[in-house]
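Open the structure in your viewer and keep the selection tool ready.

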Amino acid sequence: MSDFSEELIRSKTEDDQEESCVFSGTGMSFPWLQKYIGTVATGGKKEKDFAQTTNACLSFIQEALLKHRWQKAAEFMHSYFQILEDSDSHKRQAAPEISLQHALYLLHHGMLEDANRNLSHAETWRYGEKSSSQEVLINLIQAYKGLLQYYTWSKKKMELSTLDEDDYAYNTASQNMLNHSWKTSVNLCALIQTPGVWDPFVKSYVEMLEFYGDQDGAREVLTNYAYDEKFPSNPNAHIYLYNFLKREKAPREKLISVLKILYQIVPSHKLMLEFHRLLRKSEKEDHHKLGLEVLFGVLDFAGCTKNITAWKYLGKYLRQTLVGNHLAWVQEEWNSRKNWWPSFHFSSFWAKSDWKEDKALACEKALVAGILLGKGCRYFRFISKQDDQVLRKKIKRIKKSVKKHSIVNPGL
Amino acid sequence: MDFPSSLRPTLFVTGPLGLSNVPDMSFMCSWRDALTLPESLPENSKNEAPPLATGLLWEPETPGPLPLLPPGPDPWDPGVTAQDLLFRGAFPFRRKPQAVLDVTEQLSRFLWDHGDIAFAPLGKLMLENFKLEGARSRSKKKTVVSVKSLLQDLGGHQPWGCPWAFLSYRQRRFSIVGGPVLGKSVASLLGELLHEELAMRWEQLLLDDAFTGGALAWVPGGTPQVGQLVYPAGGALDTLCFQEVSLPPGGDPQALGDPGHIQLRGPVRQVVTRTVQGESLLAVRSDYHCALWKVSKQGRAAPLQVLQVGKGATGISLSPHLPGELAVCSRSGAVCLWTPQDGLQQVYKDPETLVFCDPSPWRWADFTAHPRVLTVGDRTGVKIIDTQGPPGCGLLLFRGGAEAACRQGERVLLSQYLGECGAEPRLPTLQLICTQFSLYLVDERLPLVPMLKWDHDLPSAPLWAQLLPPPCPGYPQPLLLGGQGGHLQLLHLAGEGASAPRLAGPPQSLPSSSDSLSAFPLLEPKSQWRLQERLKAPTIGLAATIPSSASKPVLSLFQLSAAGDVFHQHLHLQADPGPHSRAPAASWTPQATACCSRWLKALLDVPPTPPVWAAPTFSHRRLLGCMEQRKVEQKGPEGLRAAMAAGRLLRQKDLGSLPSAGPPPAPEPGPEDELSARLEAAWEGRMAAWWERQQGRSSGPGRQPKRRKRRTQLSSTFSSLSGRLDLSDATSPPHSPDRASPEARPRPPVTPPSQELTQELWARGVPSERQQTLRDYMARLPLQEDTPRGVCSPLSGTSSSRATPSRPQTLQDGTAELPPGRNTRRGAAVSSSQTSRQQVLRKKPRMGF
């Protein structure tokens, strides 16, 4: 019978860090179980008195903070600082993390100099053997230092832009900037090789590289950031690369290949409309087909249903595709959507509410609805019945288009 | 849609937690961090930063929530608590205090208290080898033993517990042959069942995930000030109620009229409501059924369809995109799309968990920004699946592992789509994932890397979350997080379009219903305890709304407890209270306390539930009855007696005009007033002397002490604590057989009517022709008077104060059949569900739960 109890609840005996978690047989930990045990258990090792006090203090702080009793929390916090007396080596090792947290706070609140000082402290902190875990942390600290240097550099760049190139001051300033950029690149380089999301670091690093004309370096950094498989699939990595290539005036083919990947990750992104335009202008037929797919893809998403540009593009492009005798493309896209788009986009509820809120949107949608569902569809019927002075001509045009292009009964 | 132009820096480590030696950097994606790069710093940052980022406070109007509806007519009992199952002993070998379920104790309690259940099946098995009636050896079978002779041998002897007792050869043989069978089979059989049952109970105590998602919903009405609360009521939670509620601006919510009812055939676990394209739908999940209603503009619900889920449903969600589309998940690991028109479409099935092996069958599904893409979650992670794609494929959105910097033992408790809020969703791609430690916001477009992580540190399991629309344009959206223990946290979620989601302002904890205790008048201890217990009842649902028309934003919050109570609280938005201001302490208004008093009165009018476990009380009624004849004149003792007879609190006026100060009353006892004498002796600490005196006096033949009887409810078995027999616990080993022998054995026919019943029970299952014989045997059984007093029976000294159950009527209820699964909603609910009969059959034979 005692085996049963053993099996049911295992206590983590070695790990002193997670005193508050007791595990059940499933491996799940229940932070609230400690409370139950506290009311029952009489035997066993008591926590160190000091640890008990600090834990109690911590919970007081927590409660005061959550109730927005700042004064009280500060008082408790003052007592809690005694924890620095703790001889526990684990907590000492966490010191750089704490410094980093503080530095981040300062950074986010614009206290850049204090943040820099703090980061320098954290950087030089050593306790015990330098582990790989600490190495990553040091890299991160250095990257943040690099970011601070970038801030200074950026300020100098602004100053520089106001100066005359022949000025003596210009030379010193640019020299200054060079120094900064060199230091910064050293600081940033190491971190952005490590898998992670480093958007601000990459952005600033690339800006500096670009400023000094190192286009290849910048491209390499961005390509790595976007295509390294160890990194998470960060849409921003592809967006940065695309924007860089666009600045570089890269060929359309290249841009399309970058956006193709973005399309696979985020088919709802606003760049997809730009992607559609690129595809539309392309000479390749499969690009034209993809262009249609991209538009349908954008409008699948709940956040894009009122995107009038997308609807406008779709109406126009549907007509163009059908005129170009590619009914199969449209049908292919429509087949997977015909059982839910009608109620998702073209219900009578939306007809009424779109007409009330945005008549232009309603007209664009009505055209698409008419082409895809025929003139019997509720959305199209509702809009075409409306009598509006301004839009009368437009609605008439839509009716004509629908009659001509609707994919329902294309023979007629 | 826009994607945040710059994400927070995060280290990305793949794989399970603990294998890589990497620091925990989750603080980097905690709240408030919004790094602005210099390119946008000089010009944009001032405009971008929301003006109210620092000081946001929803100030509660009262220190705690108030009851909205009168308490239901059914009594409520908290049932088994963790303390009932945990072991109290000391563990010298262990380095730390830890939870140990006390199985041995529970089992031995059961064997003693419910011997008939424990041993009767075995007795039935052995029936053909035992002969209960007739002459000695008419049977030719040698394998049949006559019970008569066995009992004759036993006659007069109480060998149990006494190593020197005389044993006949027949008895020896019987105990040697029968002993192992009797002892082992019962213990192992019961032990196994008990093991299973206790483990299930314990799991449920640690985490009761049946109510994940919450069983309370708010259906907005025609005007912003009116709406309907939909919630289950009744002891079994099988009545779905529709209560119309008005939210007058500046006033407390008012329940309008009586709620409408729909009687269901199972307990309601989850109620979901959503208005899609102007059509309000209401979905309800029970254990084995899901149902869908359409709510008309007038607030009337029309049933659409009912779905049976054979393996048990664990979650239901309504699509925010397409009216009438639902996602249902079952314990088998299947996820189905369900529409009333097209029926069911299984979109995913995997009996295994996503990331690593976890035994929990809990599954969850919700919608995403794409109407054809669902999230599927279990305890280990969350996956996004395309319902139109090939089966089995998908993308892991959240992993319980290193990617999200999870802790060891961390599990997903809730996963919810946050993009559904309002007509123009501000966060259309965000998914909320809650674990027992933290809250994660994950963007569908960036799987595995949480956009935001916040350690909520709620002291109970967070099973409810609700994102509300911004109270005013430009304000962050309130995100409510509710724990099973009634703990509430309010977070302010900001960031849309090109900025990453973040928490604007410090999170806030809101009062829970146990904070309302101070609004109630002080009560006598018993009622106070009842009230406290009621207020502490676990929360099973949460609903909130911000009526849009109010000039000053008000958040109305409703909370449903397991006891069926709906509490509400009102919060006002304090815009920018400044960094040094502290939350003003709200106080109770006279209306609030009046409301609480009314509610309390109704609560106390409900007869309390028969307790699952009762401490022994000693009947004084018989004793008082004898004394009634003696006509004691004094007012004090008479009042005392009346109070005790009625079982109520002794008040000052019962004792007549007594000096208000000074020593406690010591009324002059009459020479025959035994009770007063005893009380007096006890008061002065001379109880022992009085007792001895009494012993000598009462040993005469005319005053044969009546046999002590003790009955317990069947259902009290497993929660009974060692405190039950506190009279003797200190001096005797916990379970000497003598102590339980009086009721473990049958009684002679000359017994009061209440004992007849026990005997009938004993005789049940025995062929009628044998019953008379059986009665005869019983008559011959040794009576308690024969036991040598003071030697074996430690309770014999209590002969003058008979122990009887506190509520005699439970005897009939309790012993008339197998324990009816206790009076908790679960048990009752299960039996009320016709279609879940199978489960009932499976559960019932288990020993008395």
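Which side chain does the side chain of A:N234 join in a polar contact of 2.9 Å? Select A:N234 and A:D199 in this predicted model: the side chain of A:D199 is the partner.

Now show the backbone around A:N234. The residue sits in the loop between α11 (215–227) and α12 (235–247) of chain A. A polar atom of the A:N234 side chain also lies 2.9 Å from the backbone nitrogen of A:N236.

Is A:N234 buried or exposed? Its relative accessible area is 3%, and buried means under 20%, so A:N234 counts as buried. To see what surrounds it, select the residues it touches, leaving out those up to four places away in sequence: A:V197, A:D199 and A:Y225 in chain A, and B:F3, B:L7 and B:L446 in chain B.

Next, move to chain B and select residues 283–419. An unreviewed UniProt entry places the feature "domain: TAF1C beta-propeller" here. This stretch is 50% strand and 0% helix, and its end C-alpha atoms are 19 Å apart.

Within chain B, select strand β20 (residues 381–386). Five of its six residues are buried, so β20(B) is largely enclosed by the rest of the structure.

Look for B:L374, which stands opposite B:I385 in β20(B).

How values were computed. Residues are numbered from 1 along each chain as its sequence is written. Chains are lettered from A and ligands numbered from 1 in the order in which they are written. This is a predicted model: local features need pLDDT of at least 70, side-chain atom pairs count only at pLDDT 80 or more; totals for chains, interfaces and linings use all residues. Side-chain values use heavy atoms; hydrogens and water are left out. Buried means under 20% relative accessible area, exposed over 50%, partly exposed in between (1.4 Å probe, protein chains only). Helices (H or I, at least four residues) and strands (E, at least two) are DSSP runs, numbered from the N terminus. Two strands pair if DSSP finds at least two bridges between them. UniProt positions are given in the numbering used here, feature names are shortened, and annotations may be inferred rather than shown by experiment. A polar contact is a pair of N or O atoms within 3.5 Å; within protein, one must be able to donate a hydrogen and the other to accept it, and residues adjacent in sequence count only if both atoms are side-chain atoms. Contact means heavy atoms within 4.5 Å.
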